[in-house]
Amino acid sequence: MAKTNTVPARVKSSEGGVLNVFSHGVLVIWAIMVIMPLLWSVMTSFKSDKAIFTSPWSLPDSLHFDNWSRAWSQAHMSDYFLNTVLVVGGSLVGTLLFGSMAAYVLARFDFPGNRFIYFLFIGGMSFPIMLALVPLFYVLNNIALLNTLHGLILVYIAYSLPFTVFFLTAFFRTLPSSVAEAAMIDGASHTRTFFQVMLPMARPGLISVGIFNFLGQWNQYMLPTVLNTDPDKKVLSQGLVELAVSQGYKGDWSGLFAGLVMAMLPVLAAYIIFQRQVVAGLTAGAVK
């Protein structure tokens, strides 16, 4: 009877165990590096200015909610927050609508110039935004959209479309063609097939790319700084910079950290709520 050699299996098991421990160790270190600054910022936002400098790593002796109210009202974070919600909300809807329509056509229809248009969108991802700031400034100025929220919404849509089309084109290609063909046989038009059949099927991809666009647009600073200089229409990223500069001279560091956490919470909440959909959208089509 032939003897079974178990040495290779043991060696592979040992190597796999070492690799597993190493990978988990790296993930734990990375998680600590990400979570610790977040928790420290939240903790500091409830401290007094004296406690921030005398005991920066200790828990607050009492919760100073006046830091949040002061940042919300006196530092005008409420106005910045409202402007950001309007701009990001409008641009996110426009980006997902136009991006999904363009991606569906590029993924499902063969026509002359299909690949050329697709690669134009791909090229937009590699175009440095720094080179477009001056032309964008003069274009918006000439069409009377400079220092307006709707002008900033249009710029955000144009800025986010290349990645959205790139992401959703690959996603629409993974969807079954038989469903769209069945809808067309039943008499549905191309518009009805897209909005009532294909778009609901692409929900995981829409949520995934929507989260990525939300993160980028919510934290955008360069575009509004150049194209939106009206003090009454500034967004949250501009308001945080102004708050940091002004509070640096006043010494109101607790109010600064409260404003920072205010800007950070919506992004964190959005990812926590939609994390399952984001993973589903990223892995869709990987296994058939």
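The largest cavity in this predicted model has a volume of about 30 Å³. The count comes to one cavity of 30 Å³ or more.

**The cavity**

- Rolling a probe the size of a water molecule over the atoms shows where empty space is left.
- The lining of the largest cavity includes Thr 84, Val 87 and Val 88.
- Tyr 156 is also part of this lining, as are Gln 217, Trp 218 and Gln 220.
- Val 235, Leu 236 and Ser 237 line the largest cavity too.
- Three helices each supply at least two residues of the lining: H4 (77–108), H10 (203–218) and H12 (236–250).
- Helix H4 gives the most, with three residues.
- By type, the lining residues divide into six nonpolar, four polar and no charged.

**Ser 91**

- Is Ser 91 buried or exposed? Ser 91 counts as buried, because its relative accessibility is 0% and the cut-off for buried is under 20%.
- A polar atom of the Ser 91 side chain lies 3.1 Å from the backbone oxygen of Val 88. Val 88 is one of the residues lining the largest cavity.
- The side chain of Ser 91 also makes a polar contact of 2.7 Å with the side chain of Gln 217. Gln 217 lines the largest cavity as well.
- Leaving out residues up to four places away in sequence, Ser 91 touches Ile 153, Tyr 156, Ile 157 and Gln 217.
- Among these partners, Tyr 156 and Gln 217 are in the cavity lining.

- Most residues other than glycine have a negative phi.
- Ala 144 is exposed, because its relative accessible area is 60% and the cut-off for exposed is over 50%.
- Asn 147 is partly exposed, with a relative accessible area of 21%.

**Phe 212**

- Phe 212 and Ser 160 are 52 residues apart in sequence. In space, they are 9.6 Å apart, C-alpha to C-alpha.

**The whole protein**

- Read along the sequence, the pattern is α-α-α-α-α-α-α-α-α-α-α-α-α-α.
- The protein has 288 residues, and buried residues make up 35% of them.
- Take the contacts between residues at least 6 apart in sequence: 74% of them join residues at least 24 apart.
- The protein exposes about 17100 Å². Carbon and sulfur atoms supply 70% of that area.

Conventions: Residues numbered from 1 in each chain as written. Predicted model: local features only at pLDDT ≥ 70, side-chain atom pairs only at ≥ 80, totals over all residues. Heavy atoms only, no water. 1 Å grid on protein atoms, 1.4 Å probe; cavity = no way out; pocket = protein on both sides within 12 Å on 5 of 7 lines; lining within 4 Å. Points joined across faces, edges and corners; volume = space filled by probe spheres on them. Helix = DSSP H or I, 4+ residues; strand = E, 2+ residues; numbered from the N terminus. Nonpolar A, V, L, I, M, F, W, Y, C, P; charged D, E, K, R; others polar. Buried < 20%, exposed > 50% of the residue type's maximum accessible area, 1.4 Å probe, protein only. Polar contact = N/O pair within 3.5 Å; in protein donor to acceptor, adjacent residues only side chain to side chain. Contact = heavy atoms within 4.5 Å. Areas by Shrake-Rupley, 256 points an atom, 1.4 Å probe, with all protein chains shown as cover.
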